[in-house]
Amino acid sequence: MKRKVMMRLVVALITVICVAGVLLACCSQGDYHFCTLGAKQTATVGTSDKCTETYRVCSDCGKKTVISSTNHDYDASEPQVIFKDGAATGYQQTSTCKVCEFVYTRLLTDGEIYEAGLPSIEELNTVHVWEQTETAATKAEYEAYLADMGQTDTVPVDEGYMSTYYTLVRSCNLCDKTETIVQRRDVPDPNYKPDNTTPTQPLPDNNEGDKTCTHTYISKPMPPTCTARGYTEYVCNKCGNSYTSDYVEATGHAWNVTSTKNATCTASGTQSSSCKTCGKNKTETLKPTGHSYGTWETTKAATCDTNGVKTRNCKNCTHSETGTISATGHAWDEGKVTVTPADCNAMGIRTYTCTTCGSTRTEQIKGSHSLGDWEYEEYTFDYYGSKIVSHHQVRKCTKCSYKEADNRP
């Protein structure tokens with residue numbers, strides 16, 4: 001019996017949820033009614049016909065109800081905080097289909113915010129993430145700042161010190177809240193020369209405000225941000241005197257890559273990142289990688305007298321480059337006499353043949369004497385008016401009348 005009652009309650013609850021959903025879907029008509037959904041329709045989405053969605057349209061209110069979608073490959077952005085009237089209302093995330101470029105935006109649920117480790121909406125509206133800038137100010141600006149708060153500066157400057165003024169502007173990275181503070185800071189006067197006859201004055205306590213006040217300070221810690229250092233502000237709850245100390249260096253951005261367009265061999269790429277802490281975005285340019293070539297391959301072999309061609313291809317794209325293979329040069333043999341000189345003084349021809357390609361070249365060769373053995377020959381020469389007969393050695397060509405002597409006198 002109890003089981004039947006429970007089943008009836010479940011069915012009733014489901015019915016109520018369905019009716020509420022349909023009523024909300026049709027609220028744009030200004031009245032509440034049950035949607036009359038038409039036949040299923042299928043259409044492409046975005047810039048590509050690869051992604052489709054199936055939906056039905058209410059004939060009364062015209063609202064489209066998506067039943068299913070196919071082939072979408074979404075690239076989701078980092079969640080961004082949404083503000084309204086200076087207060088955080090939620091996190092928004094944009095998803096883009098990498099196939100058809102279809103874009104849709106949705107709000108994160110509380111569970112998704114928790115699982116992502118993001119600050120809750122309540123935390124965003126109670127804890128400020130300050131970013132502080134500090135610039136020099138004038139005495140007039142300091143006095144005007146005090147006048148706006150209904151105060152005047154009655155604290156004298158201690159001997160040996162001089163007053164400097166600064167404007168501190170801090171803004172919350174999570175909302176539009178800003179604060180401006182103008183401070184006086186007493187620092188040692190570099191031009192001060194103490195008078196030895198004057199009693200030594202006690203060092204100032206570096207606290208402004210009423211010197212007679214026994215200050216009771218309340219600390220206001222300001223955590224560091226990505227770009228500004230943190231500090232603790234101490235404010236006297238009696239006289240309002242304040243000072244800052246305990247500085248903490250800025251944390252620096254915690255970058256998370258959100259999208260990358262890879263560089264190619266010749267074209268630059270981009271990489272977009274978002275800081276997990278403050279939401280700041282940046283885009284960096286990725287330099288071209290340059291071609292990565294494989295080994296050289298011969299596409300046209302070199303010959304004895306013609307250069308060859310070699311080619312190598314890039315491993316990452318279709319680019320290729322060519323190089324020159326130098327001609328090898330002929331490998332000539334010792335040559336052979338193809339035209340013998342007609343006599344000792346005539347010219348002949350010697351022919352050389354390349355042992356690689358068979359090409360030939362010729363050169364002229366001069367005929368040569370065929371000299372016999374040396375033999376003695378008598379000859380006469382003049383010696384102070386007297387004819388002297390002597391002998392010297394000669395050898396004669398066997399082919400012509402040429403003879404060669406040893407040139408002795």
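Select Arg-184 to start the tour: this residue is buried, at a relative accessible area of 3%, where buried means under 20% relative accessible area, exposed over 50% and partly exposed in between, with a 1.4 Å probe and protein chains only. The model is predicted, so local features need pLDDT of at least 70 and side-chain atom pairs count only at pLDDT 80 or more, while totals for chains, interfaces and linings use all residues. Residues are numbered from 1 along each chain as its sequence is written, and side-chain values use heavy atoms, with hydrogens and water left out.

Asp-153 lies in the loop between α4 (139–148) and β9 (161–172) and Arg-184 in strand β10 (residues 178–188), so the pair ties together parts that are 31 residues apart in sequence (helices are DSSP runs of H or I with at least four residues, strands runs of E with at least two, numbered from the N terminus). Asp-153 is partly exposed, at 31% relative accessible area.

Then move to Glu-112 and Arg-106, whose side chains form a salt bridge at 3.0 Å, N to O; Glu-112 is partly exposed at 28% relative accessibility, and Arg-106 is partly exposed at 28%.

Finally, select Glu-321 and Arg-312, a salt bridge with its closest N and O atoms 2.5 Å apart. Glu-321 is partly exposed at 25%, as is Arg-312 at 23%. The structure holds seven salt bridges.

Note on methods. Salt bridge = Lys/Arg side-chain N within 4 Å of Asp/Glu carboxyl O.
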